[in-house]
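In these notebook entries I record what I looked up, one topic at a time.

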Amino acid sequence: MAQRPPTLAPGGKMLHIEPRARALRRANPIRKAPFERSYRPMSGYVSKAVADIVLGLRAWRIWVMLASTDIRKRYRRSRIGQFWITASMGMLVLGLGLLYSNIFGMAISEYLPYVAINIVLWGLVSGLVNDGCTAFVDAEAYMKNLGLPKCSFVLRSAFRNMLVTGHNVLIIVAVMLYFAMPVSLTSLLFIPAMIVIVLNGVWMGLLLGTMSARFRDIPQTVASIMQVVFFLTPVMFHPRQLSANAQGVLDYNPFAALLAIAREPLFGNVPRTHDIVFACGMLVIGWLIVIPFFGKFRDRVVYWL
Amino acid sequence: MPSIELVNVTVDIPVYNARGRSLKTMVFERAIGGAMQARERGDIVVIRALENVTASFASGDRIGLIGHNGAGKTTLLRVMSGVYQPTTGAARIVGQTGTLTDLMAGMDPEATGYENIVYRGILLGRSYAEAKAHIPEIEAFSELGAYLDLPIRTYSSGMLLRLAFAITTGVRPPILLMDEMISAGDAGFVEKASQRLHDVISSASILVISSHVQNVIQEFCNRVLWLEHGKVVMDGKPDEVLAAYHGHPGSNG
């Protein structure tokens, strides 16, 4: 038993800080079996990442509290408080809906619900990506003083975005009621779709947050790219408005798939298989990449701050 | 049974400047290579904060960390609290650690005293209900009365300290880590606060305190670790280590 797996104390504290293989060879030369070398590093990283995530989930009180405080702080002393999120989103949706239905020559009853749902979903997706970049950098004071599980700060930014989206969903509800959009069992697919979006956002946050702690140009780069992606994703426009070729290109846009799986159920449609497979495939592949990556660099993040 | 085991703990802290952190540098470094690489690499200064520190602490140990500024005391505390993972070597910490260092961490100036009691309580590992249950006790101890209903930005620094002190010393971690003795605030509060501090310290199974004040070390510790340039110079009984520390050239005491 050269490297024990991290064990958990009742207090939720990691008991055993997984040492590096090199140090262990020096510290306990006898315990090291030669065959262990080949597979240890990878499984070590995986177990490190998994241990961190398990502890992070257990410390849910901390990131739930931090996320809700983040929002409360932003709107403190304002009369309607965090409902400014809803209000400003409502104004944006109304303005866009009225203007662009004219530009595109579409009926308001058709275009406004479409753009309202898309903008709210885009807010969630881009929020997860952009806030994921700054998850660790913004938490420097906490990370340097408290030995909390590192993923807590990514979960905090994800939860903050979920809270914001919760306020914005009111807009979707209002629009659906106003335009008397039918609700059926298919609409319930919206919920698993949102879970898929958020879980995708969490792996992106772990990846981008870690990279951004080391390379401070990444948050800006990502923010600029996301601005461009906004125009390349069917948020404001409808894929129907594009040529067949361009529609084919859209199939390779991961953000288009994420938006589609949550949007289509609200219009009473089952999302296209292509979009479901794309979004879920991204989820699986993303996590498979991020777990060893995060396990490898988790310990370094605090040194980069 | 709480314990701390450090085996050859080395901590290297890289210090990046704007260039060292930029992705562009890294990309061009790959593209250009060679001599340029060496020059670019030079931008990253690596500080060896701890070098091959080996020690084990068991229940009942009261350890004082001494050494000059930059000797690695705070880094060692951060290794023990799980903030820093050793670059090489292993640190095994059994039991929950608590720090009495940054009293204000996690306090929101716009939130009221009551809200901050809950925020800070949760950060210290309590549940919402537990944090709320501590309110009466903190109310009584801090003697802030009606002020607890006001945002803490309206507090004087003495009041802020009272509140932070009352909240933080409410936890009783089995492993207590302290960076310098925390000061107890204004005169009327000192007596009460130092009594409370003694309670926290005596209820801890392991105490690690870094301090420049000899009296603190002599009062609380039964073992002293003297660090210099990240290495352990001496580890032993307080009297012996303090005598050697004060006797060695370059000591300021």
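**Entry 1: a helix pair in chain A**

I looked up helix α8 (residues 152–178) of chain A and helix α9 (residues 190–214) of chain A, which pack at an angle of about 140° with their axes 9 Å apart. Helices here are DSSP runs of H or I with at least four residues, strands are runs of E with at least two, and both are numbered from the N terminus. Axes are lines fitted to C-alpha atoms, for helices over the stretch in contact, and angles run from 0 to 180 degrees between N-to-C directions. I noted that α8(A) and α9(A) are therefore oblique to each other; angles under 35 degrees count as roughly parallel, over 145 as roughly antiparallel, 65 to 115 as roughly perpendicular and the rest as oblique.

I recorded that α8(A) passes α9(A) in a right-handed crossing. A crossing is right-handed if the near helix is turned clockwise from the far one by less than a right angle, and left-handed if anticlockwise.

Which residues of the two helices meet? On the side of α8(A) I listed A:V154, A:L155, A:S157, A:A158 and A:M162, and on the side of α9(A) A:V198, A:G201, A:V202, A:G205, A:L206 and A:G209. Two residues are in contact if their C-beta atoms, placed from the backbone, lie within 7 Å. The residues of this contact of α8(A) with α9(A) comprise 7 nonpolar, 4 polar and no charged. Ala, Val, Leu, Ile, Met, Phe, Trp, Tyr, Cys and Pro count as nonpolar, Asp, Glu, Lys and Arg as charged, and the others, Gly among them, as polar.

**Entry 2: the kind of model**

I noted that this is a predicted model, in which local features need pLDDT of at least 70 and side-chain atom pairs count only at pLDDT 80 or more, while totals for chains, interfaces and linings use all residues. Residues are numbered from 1 along each chain as its sequence is written, and chains are lettered from A and ligands numbered from 1 in the order in which they are written.

The predictor gives the complex an ipTM of 0.82 and a pTM of 0.84. For chain B I found a mean pLDDT of 82, with 86% of its residues at 70 or more; pLDDT is the predictor's confidence in each residue, from 0 to 100. Over residues 32–40 of chain B the pLDDT is below 50, and this stretch has 5 contacts in the model beyond near neighbours in sequence.

**Entry 3: two further helix pairs in chain A**

I found that helix α5 (residues 108–133) of chain A packs with α8(A) at an angle of about 175°, with axes 9 Å apart. The helices α5(A) and α8(A) are therefore roughly antiparallel to each other. Their contact has 15 nonpolar, 7 polar and 2 charged residues.

Helix α12 (residues 254–266) and helix α13 (residues 273–304) of chain A pack at about 110°, with their axes 8 Å apart. I noted that α12(A) and α13(A) are therefore roughly perpendicular to each other, and that α12(A) passes α13(A) in a left-handed crossing. A:P254, A:A257, A:L258, A:A260 and A:I261 in α12(A) meet A:D275, A:I276, A:F278, A:A279 and A:M282 in α13(A). By class, the residues of this contact are 9 nonpolar, no polar and 1 charged.

**Entry 4: the sheets of chain B**

In what order do the strands of the 6-stranded open sheet lie? I read the order as β5-β6-β7-β3-β8-β9 (chain B), with mixed pairing. Two strands pair if DSSP finds at least two bridges between them. The edge strands are β5 (97–99) and β9 of chain B, each pairing on one side only.

Strand β3 (residues 62–66) of chain B runs parallel to strand β8 (residues 223–228) of chain B, joined by 4 bridges. B:I63 stands opposite B:R223 in β8(B). By contrast, β8(B) runs antiparallel to strand β9 (residues 231–236) of chain B, with 5 bridges, and B:V224 stands opposite B:G236 in β9(B). I noted that β8(B) and β9(B) form a hairpin with 2 residues between them, where B:H229 in the turn has a positive phi of about 50°.

Helix α11 (residues 238–247) of chain B lies across β3, β8 and β9 of chain B, running at about 25° to β8(B).

I also found an open sheet of 3 strands in the order β2-β1-β4 (chain B), with antiparallel pairing.
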